[in-house]
Amino acid sequence: MPLVSGAEVVLAAAKAGRGVGAFNVIQLEHAIALIAGAEQAGTPVVLQISENAVKYHGSLKPIGVATLAAAADASVPVVVHLDHAMDRDLVTEAVQLGFTSVMYDASKLEYADNVAATTEVTKFCHDHGVFVEAEIGEVGGKDGVHAPGARTRPDEAVAFAEATGVDALAVAVGSSHAMTERTASLDFALIAELHAAVAVPLVLHGSSGVADPDLTRAVEAGMTKVNIATHLNNVFTASVRQTLTDNPSLVDTRKYLGPARDAVAAEVARLLGLLKA
């Protein structure tokens with residue numbers, strides 16, 4: 001299936017009141033697992049490559065090209081998305097490689113500077129037909145900033161979205177990045193208020209810390225794109241650990257990465273059901 005744009009998938013889901021699962025790729029096994037899970041569920045999916053993953057690989061091109069190739073062979077719509085990019089050059093490279101969606105993160109800047117930088121990136125991406133997500137303020141847990149109690153004000157979210165022209169907006173409603181326990185307490189009233197006020201789809205970052213029922217409730221309250229990474233890393237690692245514990249002499253990486261890949265695929269399919277994708 002040809003690659004689709006973030007606009008096609010995210011905007012259609014927002015209009016229908018559905019969620020879109022956005023899951024992070026670290027290695028090729030992750031990309032294959034995420035696509036397999038989406039195919040099991042019969043839904044679109046967003047494959048995200050973060051700036052941290054790029055640093056891990058040394059550059060964007062190897063993992064980016066591999067993910068794009070896997071996405072092109074999928075039987076469901078797949079968006080390949082650059083996640084939490086603070087480096088403008090990385091955005092340019094992603095667009096040139098064929099990514100159809102980027103999240104430009106200038107949230108560490110002062111508000112006026114964030115607006116200016118995000119507006120410039122949005123114009124560049126729109127000129128190339130690429131969907132743009134941005135963040136106002138900072139969602140908890142990213143590089144130690146903001147506690148989970150951080151909240152996005154609806155009036156500020158409206159002003160930011162209108163000023164920058166972004167296509168989707170990540171907001172702070174009680175989740176936090178890199179949570180290994182699913183104990184986040186979401187502010188559903190605020191989600192509904194933001195959904196009513198902001199014209200573009202809302203994005204929930206740090207969703208690994210959100211319990212199953214609250215993922216569904218978040219979508220029902222107005223969230224569209226839901227980012228989950230750490231939770232799937234837990235699933236992957238637990239499978240590898242169990243396989244190696246059960247087979248201590250194992251040395252063939254395929255014998256422990258394969259089951260981990262399958263475990264992630266099954267969990268992705270389950271999560272997509274919770275998100276009403």
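**Reading a predicted model: surface, fold and an annotated site**

Mentor: The accessible surface of the protein comes to about 11,300 Å², and carbon and sulfur atoms hold 54% of that area. Keep in mind that this is a predicted model.

Trainee: What does the radius of gyration say about the protein?

Mentor: A compact globule of 277 residues would have a value near 19 Å; the protein has 18 Å, which agrees. The C-alpha trace spans about 60 × 40 × 35 Å along its principal axes, and 54% of the residues are buried.

Trainee: Which secondary structure elements are there, and how many?

Mentor: There are 11 helices and 8 strands. Among contacts with a separation of 6 or more, 71% join residues 24 or more positions apart.

Trainee: Where does UniProt place the feature "binding site"?

Mentor: The unreviewed UniProt entry puts it at Asp 105 and Glu 135.

Trainee: Is Asp 105 buried or exposed?

Mentor: Buried means under 20% relative accessible area. Asp 105 has 7%, so it is buried. Asp 105 sits in the loop between β4 (101-104) and α6 (111-127). Beyond its neighbours within four places in sequence, Asp 105 is in contact with His 84, Ala 85, Met 86 and Glu 135.

Trainee: And what surrounds Glu 135, leaving aside its neighbours within four places in sequence?

Mentor: Its contacts include His 84, Asp 105, Asn 114 and His 205. Glu 135 belongs to strand β5 (residues 131-135) and is buried, with a relative accessible area of 2%.

Note on methods:
Residues are numbered from 1 along each chain as its sequence is written. This is a predicted model: local features need pLDDT of at least 70, side-chain atom pairs count only at pLDDT 80 or more; totals for chains, interfaces and linings use all residues. Side-chain values use heavy atoms; hydrogens and water are left out. UniProt positions are given in the numbering used here, feature names are shortened, and annotations may be inferred rather than shown by experiment. Helices (H or I, at least four residues) and strands (E, at least two) are DSSP runs, numbered from the N terminus. Buried means under 20% relative accessible area, exposed over 50%, partly exposed in between (1.4 Å probe, protein chains only). Contact means heavy atoms within 4.5 Å. The radius of gyration is taken over C-alpha atoms; the globule rule is 2.2 Å times the number of residues to the power 0.38. Accessible areas come from the Shrake-Rupley method with a 1.4 Å probe; for residues, only the protein chains shown count as cover.
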